[in-house]
Amino acid sequence: MEEKLTLFKNRKRFGIEKNIDIIFKNTALVLSSFVAIILLGIILVVFFQSFESFSRYGLKFLVTSEWNPVKDEYGAFTAIYGTLVTSFLSLLITIPLGVGTAIFITEDFVPKVFREIIGSFVELLAAIPSVVLGLWAIFVMEPFFRAFFVFLHNFFGWIPLFSTEPTGRNSLLAILILVVMLLPIVTSIARDSLNQVPKKLRNAAYGIGASRWKTIFSVILPAALSGIMAGVLLALGRAMGETMAVTMIIGNSNAFSWSLLSPGYTISSMLANQFGEADGSQVSSLFYAAFVLMILSLVVNIFAQWLVKKFSLKY
Amino acid sequence: MNSLYYQKRLSRNIGDKFFTSLSIICALIAILPLIFLVTYILYKGGSQITPELFTLEPNPPGDDLDAGGINPALIGTLIITTIASIIAIPVGVGGGIYLAEYSKGGAFSRFIRFGVNVLAGVPSIIAGVFIYALIVSTKILFGSMYSGLAGGMALSILMLPTVIKTTDEGLKLVPNELRYASLGVGASMYTTILKVTLPSAFRSIATGVVLGIARAAGETAPLIFTALFSYYYITGFGDLFYEMGSLAVLIYNFALEPYDAQNKLAWAASFILVLSILSVNIFSRILAAFTEKTKRV
């Protein structure tokens with residue numbers, strides 16, 4: 001009896017071990033809540049820093065395009081317009097290209113080895129730093145497209161989008177470099193969601209006599225649509241926040257113009273350009289612009305997550 | 001009888017051919033920029049590589065034809081990325097452990113997972129703006145303003161979501177039988193995690209973390225007004241509290257200079273940056289493919 005009792009006593013955990021266990025768990029808990037703290041911190045800090053500018057200009061900041069540190073007048077319309085135009089137009093070009101590439105990778109047009117090589121090539125494109133893409137855009141892409149832009153202006157100059165004489169860096173180049181950056185995102189997410197469509201659906205469609213592309217358009221793409229949409233929204237968020245490549249190629253001019261062939265501005269390029277040297281109420285106005293950018297990308301990202309949850313495949 | 005044979009002229013077959021070629025064209029357009037880009041950087045940057053590049057300071061633009069080297073920027077990138085890793089990896093792995101091992105899918109863990117995804121989507125320049133407001137403009141770090149330390153902190157914000165996600169997903173893939181077995185023989189929770197589940201998920205976590213570090217090494221936007229740039233050698237520990245150069249910011253600054261010598265230096269820095277990032281990516285890809293194969297057997 002005595003012996004059994006000691007055995008039982010020894011089987012209890014030591015106090016220290018128990019404490020370590022509790023400490024370990026709580027440390028992990030604290031570390032995981034860091035994410036929430038940082039996220040809230042970012043939102044609060046940017047909001048409070050922009051408060052001065054916010055109370056002075058209110059929502060007028062969003063629709064005026066005066067940006068004059070000398071007269072202390074600030075409005076971010078040009079930058080906001082530039083952000084939206086470059087991101088949406090680049091997405092418009094990227095979606096067909098990316099989805100087309102994803103279909104090419106998931107169908108069996110060429111042997112699997114080649115498709116895998118192309119797939120990983122496209123993913124490697126995502127790993128190239130955006131500042132290097134900007135360097136490439138300045139020295140390779142801009143000279144390459146110059147003749148094409150002159151042609152665009154000469155023949156389509158009556159369209160407001162091409163109404164200015166192309167002189168070096170401009171918004172259209174920023175759109176093109178964004179396409180290069182977004183392609184890997186859209187392609188890899190579209191490929192993953194196309195791969196997740198069950199084989200049964202394809203076999204059923206083939207079985208009732210549908211051709212390959214009839215199957216793709218009527219069965220496979222609709223089934224993968226939610227995933228593709230989420231990928232597109234993620235790419236949109238990335239395009240809005242993309243800084244370096246765009247800053248280097250867009251020309252950084254606050255003069256508003258409808259033309260894509262004239263230099264432009266985005267919120268992030270404005271931040272990159274002016275933040276270092278700004279002082280006084282300009283800093284607050286820049287924080288206001290940063291706040292607008294953050295809200296835009298938060299809305300897009302949250303909507304993307306909601307879309308994934310709401311419409312994820314249920315086969 | 002005819003209907004049993006493939007008929008080229010049928011509209012469905014013509015349509016199929018058309019769309020097939022369209023998707024092939026899409027794939028070509030998607031990979032052409034990469035091939036152009038990588039070959040151009042390797043050709044243009046590779047031709048600038050000299051031994052002095054790795055040992056000299058860059059000369060301030062404009063005063064002479066010789067641009068010097070990129071030694072401070074190279075060391076600076078290593079230091080800033082290391083600082084970011086030192087902050088982000090423990091926090092991220094710890095947070096991932098909580099999400100995967102302790103949380104029971106309640107409101108808190110769902111909120112954190114949601115927050116991780118949102119934080120991953122925050123534009124990188126916002127991380128820089130945040131650190132500027134929090135650390136640079138307040139001079140909270142012993143009175144220093146722009147510093148390598150602040151730059152590392154900004155980068156760690158970008159790395160954190162990646163590290164948490166890969167830890168969380170890596171741990172979730174570990175079969176529950178391993179946990180039951182460990183707890184069943186009397187191991188405590190922390191022993192189970194540290195000795196059983198973390199080691200068996202180590203490879204997938206390490207792959208994700210390394211990819212995250214590689215991505216952070218090329219980030220520029222968070223650094224341009226936190227770490228700023230410096231032309232001078234990094235000589236000691238105290239330099240952490242002063243402006244610090246990095247390859248990414250060097251490329252940005254020197255690409256916009258009108259001088260050819262500085263532009264060439266930017267290409268050389270791009271060569272080193274791209275080569276190291278791509279080789280890390282390819283290596284971890286091969287490693288991941290290799291582990292997948294061994295698991296299946």
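The largest nonpolar core has 176 residues, and A:Ile177, A:Ala290, B:Ile251 and B:Ala269 touch the most other members. Such a core is a set of buried Ala, Val, Leu, Ile, Met, Phe, Trp, Tyr and Cys residues joined through C-beta atoms within 7 Å. Here a residue is buried if 20 or more other C-beta atoms lie within 10 Å of its own, exposed if 12 or fewer, and partly exposed in between, with C-beta atoms placed from the backbone. Helix H7 of chain A (residues 171–196) gives the largest share of this core, 16 residues. Helices (H or I, at least four residues) and strands (E, at least two) are DSSP runs, numbered from the N terminus.

A word on the model itself: this is a prediction, in which local features need pLDDT of at least 70 and side-chain atom pairs count only at pLDDT 80 or more, while totals for chains, interfaces and linings use all residues. Residues are numbered from 1 along each chain as its sequence is written, and chains are lettered from A and ligands numbered from 1 in the order in which they are written.

Leaving aside neighbours within four places in sequence, B:Ala269 is in contact with B:Ile70, B:Ala73, B:Leu247, B:Leu250 and B:Ile251; contact means that the two C-beta atoms, placed from the backbone, lie within 7 Å.

**Where the chains meet**

The contact between the chains takes 69 residues from chain B and 70 residues from chain A. Helices H1 (11–46), H2 (71–102), H3 (107–121), H4 (124–136), H5 (148–172), H7 (189–200), H9 (247–255) and H10 (260–296) of chain B each supply at least two residues of the side of chain B that touches chain A. The largest share of that side, 18 residues, comes from H1(B). By class, the side of chain B that touches chain A holds 52 nonpolar, 14 polar and 3 charged residues. In this count Ala, Val, Leu, Ile, Met, Phe, Trp, Tyr, Cys and Pro are nonpolar, Asp, Glu, Lys and Arg are charged, and the others, Gly among them, are polar.

Not counting residues up to four places away in sequence, B:Ile126 touches A:Ile42, A:Ala290, A:Leu293 and A:Met294. Within chain B, B:Ile126 and B:Leu160 are 34 residues apart in sequence and 15 Å apart in space, C-alpha to C-alpha.

**The two chains**

Chain A comes to 12 helices and 2 strands, in the order α-α-α-β-β-α-α-α-α-α-α-α-α-α along the sequence. The radius of gyration of chain A is 26 Å, well over the 20 Å that the globule rule gives for 315 residues, so chain A is more spread out than a compact globule. That radius is taken over C-alpha atoms, and the rule is 2.2 Å times the number of residues to the power 0.38. Chain B has 10 helices and 0 strands; a compact globule of 297 residues would have a radius of gyration near 19 Å, but chain B has 25 Å.

| Property | Chain A | Chain B |
|---|---|---|
| Span along principal axes | about 100 × 65 × 35 Å | about 85 × 70 × 35 Å |
| Buried residues | 45% of 315 residues | 46% of 297 residues |
| Share of contacts at least 6 apart in sequence that join residues at least 24 apart | 77% | 75% |

For chain A, an unreviewed UniProt entry places "domain: ABC transmembrane type-1" at residues 80–304; such annotations may be inferred rather than shown by experiment, and the positions follow the numbering used here, with feature names shortened. Over residues 80–304 chain A is 77% helix and 0% strand, and the end C-alpha atoms are 21 Å apart. The unreviewed entry also lists residues 28–51 and 171–190 among the stretches called "transmembrane region". Residues 28–51 of chain A are 96% helix, with end C-alpha atoms 35 Å apart, and residues 171–190 of chain A are 100% helix, with end C-alpha atoms 27 Å apart.

A:Asp72 has phi near 60°, a positive value in a residue other than glycine, and is found in the loop between strand E1 (67–68) and strand E2 (73–74) of chain A. A:Asp72 is exposed, with 11 other C-beta atoms within 10 Å. B:Leu228 has phi near 55°, also positive in a residue other than glycine, and lies in the loop between helix H8 (202–217) and H9 of chain B. B:Leu228 is buried, with 22 other C-beta atoms within 10 Å.

Confidence in chain A is lowest in helix H1 (residues 2–11), at a mean of 56, and highest in helix H4 (residues 77–106), at 93. Where pLDDT is low, the predicted coordinates should not be read in detail.

Notes: pLDDT is the predictor's confidence in each residue, from 0 to 100.
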